[in-house]
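Visitor: I have a structure open and some time to go through it. Can we take it piece by piece?

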Amino acid sequence: MNVGLNKTEKKVIELLIENPAYTSIELADKVGVTKRTVERTFKTLQEKKMIERIGSKRDGNWIVVR
């Protein structure tokens, strides 16, 4: 399932499965990286078609596609 993912990407996916409403700030705190790192991770995971954003930037959630 998690082929070609780094530690941060794997952790972010695990946390999003647990709670899709996590913000980048909350994820950064839980994973132990900066908010910017989490935002870059979101971008790479979207490019890899692993996650999708449902809803608006403010009120949306991330869903793990696979």
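Visitor: Which residue in strand 2 is the bridge partner of I54?

Guide: The partner of I54 is N61 in strand 2. Before going on, note that this is a predicted model, in which local features need pLDDT of at least 70, side-chain atom pairs count only at pLDDT 80 or more, and totals for chains, interfaces and linings use all residues. Residues are numbered from 1 along each chain as its sequence is written, and side-chain values use heavy atoms, with hydrogens and water left out.

Visitor: What counts as a strand or a helix here?

Guide: Both are DSSP runs numbered from the N terminus: helices are H or I with at least four residues, strands are E with at least two.

Visitor: And how many bridges join strand 1 to strand 2?

Guide: Four, between residues 51–54 and residues 61–64, and the strands run antiparallel. Two strands pair if DSSP finds at least two bridges between them. Another of the bridge partners is W62, which goes with R53.

Visitor: What sits between the two strands?

Guide: Six residues, and the strands form a hairpin. In the turn, G55 has a positive phi of about 95 degrees.

Visitor: Which residue other than glycine has a positive phi?

Guide: K49 is one, with phi near 60 degrees. Most residues other than glycine have a negative phi. K49 lies in the loop between helix 3 and strand 1.

Visitor: Is K49 buried or exposed?

Guide: K49 counts as exposed because its relative accessibility is 58%. The cut-offs are under 20% relative accessible area for buried, over 50% for exposed, and partly exposed in between, with a 1.4 Å probe and protein chains only.

Visitor: Back to strand 2. What does I63 touch?

Guide: I63 is in strand 2. Leaving aside neighbours within four places in sequence, I63 is in contact with M50, I51, E52 and I54. Contact means heavy atoms within 4.5 Å. I63 has 36% relative accessibility, so it counts as partly exposed.

Visitor: Now the core. Which residues touch the most other members?

Guide: V12, L16, L27, F42, L45 and I51 do, in a largest nonpolar core of 14 residues. Helix 1, helix 2 (24–31) and helix 3 each supply at least two residues, and the largest share, four residues, comes from helix 1. A nonpolar core here is a set of buried Ala, Val, Leu, Ile, Met, Phe, Trp, Tyr and Cys residues joined through side-chain atoms within 4.5 Å. In soluble globular proteins, nonpolar side chains tend to be buried together.

Visitor: What is F42 in contact with?

Guide: V12, L16, S24, L27, I51 and W62, leaving aside neighbours within four places in sequence.

Visitor: What kinds of residues line the largest pocket?

Guide: Five nonpolar, four polar and five charged.

Visitor: Change of topic: helix 1. Is E9 buried or exposed?

Guide: E9, in helix 1, is buried because its relative accessible area is 6%. Not counting residues up to four places away in sequence, E9 touches G4, T41, T44, L45 and K48.

Visitor: And what does T41 touch?

Guide: T8, E9 and V12, with the same exclusion of residues up to four places away in sequence. T41 lies in helix 3 and counts as buried at 6% relative accessibility.

Visitor: Where is T8?

Guide: T8 is in helix 1, residues 7–18. T8 counts as buried at 16% relative accessibility.

Definitions and conventions: Ala, Val, Leu, Ile, Met, Phe, Trp, Tyr, Cys and Pro count as nonpolar, Asp, Glu, Lys and Arg as charged, and the others, Gly among them, as polar.
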